[in-house]
Amino acid sequence: DLILALLVTLRRFLYRIGFIPSWRSPVPVIVVGNVTVGGTGKTPLVIWLAEQLKVKGYSPGIISRGYGGSAQEIAAVHTNADPSVVGDEPLLIAMRTSCPVWVGKKRSAVARALLKANPQCDVIISDDGLQHYAMKRDFEIIVVDGVRYYGNGAMLPFGPMREPFLRVYEADAIVVNGGDADFENGEHLMRLNAGDFYSLNDMSKTVPTKNFEGKQAHALAGIGNPARFFNHLRQLGVDVIEHPFPDHHPYSPVDLQIEGAEVILMTEKDAVKCLKFPQKNIWVLPVQAEVIMGLENEVVERIESFYGRKIA
């Protein structure tokens with residue numbers, strides 16, 4: 001643990017002093033990441049931030065590693081893309097934001113390709129990439145699970161931390177997903193507000209949560225923290241039978257053939273991988289992030305500082 005912490009810290013130091021080169025984007029870069037393994041809720045926050053910046057007159061582009069996808073080359077993510085190629089989270093982000101979304105292994109190269117193809121973009125949001133120091137960033141947001149937080153505070157493999165614990169306080173903002181945020185120390189609270197369920201086969205067909213009361217509902221989740229989805233459903237009053245899968249699970253029709261299931265419920269991240277399956281009893285729960293305490297204003301202030309003037 002100590003040796004790994006020293007190596008991680010040394011690597012970051014070498015980037016900071018310029019010993020290892022780091023690319024500077026011609027537009028400001030906002031990184032949304034985490035310091036722990038497992039799902040913390042980055043994707044809803046990226047979507048929220050993109051929408052907030054659009055409202056304020058900016059044209060964000062979004063880059064991602066595309067985890068779970070098979071793409072070997074840099075690629076644009078269109079709303080009809082194959083999630084097994086581009087990844088489930090980038091596809092969901094593209095569908096929800098209508099922003100240019102590009103994926104690839106090396107984020108600095110992905111950002112260059114995005115900007116070349118979309119010169120109107122005046123800010124880059126990096127979905128994850130906190131540890132990708134080969135790309136300079138102008139604002140770092142660390143997302144923390146409000147239930148698990150930092151676990152035992154130890155680094156892998158003895159704990160959930162990817163970097164030493166003190167790294168948390170070097171970020172520009174900490175967003176706590178659920179639970180309680182320490183507002184006095186500058187933390188922001190994020191809530192995930194559920195909308196009406198929509199049919200996997202027809203997004204225009206929606207039903208309220210009360211439609212599932214008293215029914216045998218099976219819930220599927222192939223996300224970083226499946227328990228978060230199952231608990232959310234129970235908080236909404238739905239009694240569910242849990243079917244957890246690994247993060248970025250490549251669903252097949254067999255996964256959805258659950259004997260005796262009156263209804264199957266899933267996340268939007270899972271749903272984008274099941275759109276072509278001919279099931280009629282699958283319902284998807286959309287969530288909308290809500291962030292307390294003016295995070296969007298802090299980001300805009302940093303963007304304006306980058307340009308030396310207001311551009312929105």
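Which residue just after helix 4 takes a positive phi? That residue is serine 98, whose phi is about 60°. Please bear in mind throughout that this is a predicted model.

Let me stay with helix 4 itself. Of its ten residues, eight are buried, so the helix is largely enclosed by the rest of the structure. The buried ones are Asp88, Glu89, Pro90, Leu91, Leu92, Ile93, Ala94 and Thr97. What covers them? The covering elements include helix 2 and helix 3, the latter spanning 83-86. Strand 2 (60-64), strand 4 (101-103), strand 5 (123-127) and helix 7 are also among them.

Glutamate 89 forms a salt bridge with lysine 269, with an N to O distance of 2.8 Å.

Aspartate 247, at 35% relative accessible area, is partly exposed.

Elsewhere, glutamate 163 and arginine 167 form a salt bridge at 3.4 Å, N to O. Both of these residues are buried. They belong to a network in which salt bridges with shared partners join Arg137, Glu140, Glu163 and Arg167. Over the whole structure, the search finds 14 salt bridges.

I turn now to the nonpolar interior. In soluble globular proteins, nonpolar side chains tend to be buried together. In this model, the largest nonpolar core has 36 residues. Leu45, Leu49, Leu53, Ile141, Leu295 and Val299 have the most contacts inside that core. Helix 2 (residues 42-55) gives the largest share, seven residues. Which residues does valine 299 touch, leaving aside those up to four places away in sequence? Its contacts are Ile30, Leu49, Leu53, Phe139 and Ile141. Apart from this core lies another, of 28 residues, among them Ile63, Val110, Cys121 and Val168.

Six strands form an open sheet in the order 10-9-14-13-11-12, and the pairing is mixed. Strand 10 (206-207) and strand 12 are at the edges with a single partner strand each, so one side of each has no neighbour in the sheet. Strand 11 (residues 217-221) pairs with strand 13 in the parallel sense, over four bridges. Within these strands, alanine 219 stands opposite leucine 265 of strand 13.

How many cavities of 30 Å³ or more does the structure hold? There is one, and the largest cavity has a volume of about 50 Å³. Its lining consists of Arg65, Gly66, Gly69, Ala71, Glu73, Val85, Val86, Val103 and Gly104.

Thank you; I welcome your questions.

Terms used:
Residues are numbered from 1 along each chain as its sequence is written. This is a predicted model: local features need pLDDT of at least 70, side-chain atom pairs count only at pLDDT 80 or more; totals for chains, interfaces and linings use all residues. Side-chain values use heavy atoms; hydrogens and water are left out. A salt bridge is a side-chain nitrogen of Lys or Arg within 4 Å of a carboxyl oxygen of Asp or Glu. Buried means under 20% relative accessible area, exposed over 50%, partly exposed in between (1.4 Å probe, protein chains only). A nonpolar core is a set of buried Ala, Val, Leu, Ile, Met, Phe, Trp, Tyr and Cys residues joined through side-chain atoms within 4.5 Å. Helices (H or I, at least four residues) and strands (E, at least two) are DSSP runs, numbered from the N terminus. Contact means heavy atoms within 4.5 Å. Two strands pair if DSSP finds at least two bridges between them. On a 1 Å grid over the protein atoms alone, a cavity is a set of points where a 1.4 Å probe fits but cannot get out, and a pocket is an open set with protein on both sides within 12 Å along at least five of seven lines; lining residues have an atom within 4 Å of a point. Grid points are joined across faces, edges and corners, and a volume is the space filled by probe spheres set on the points.
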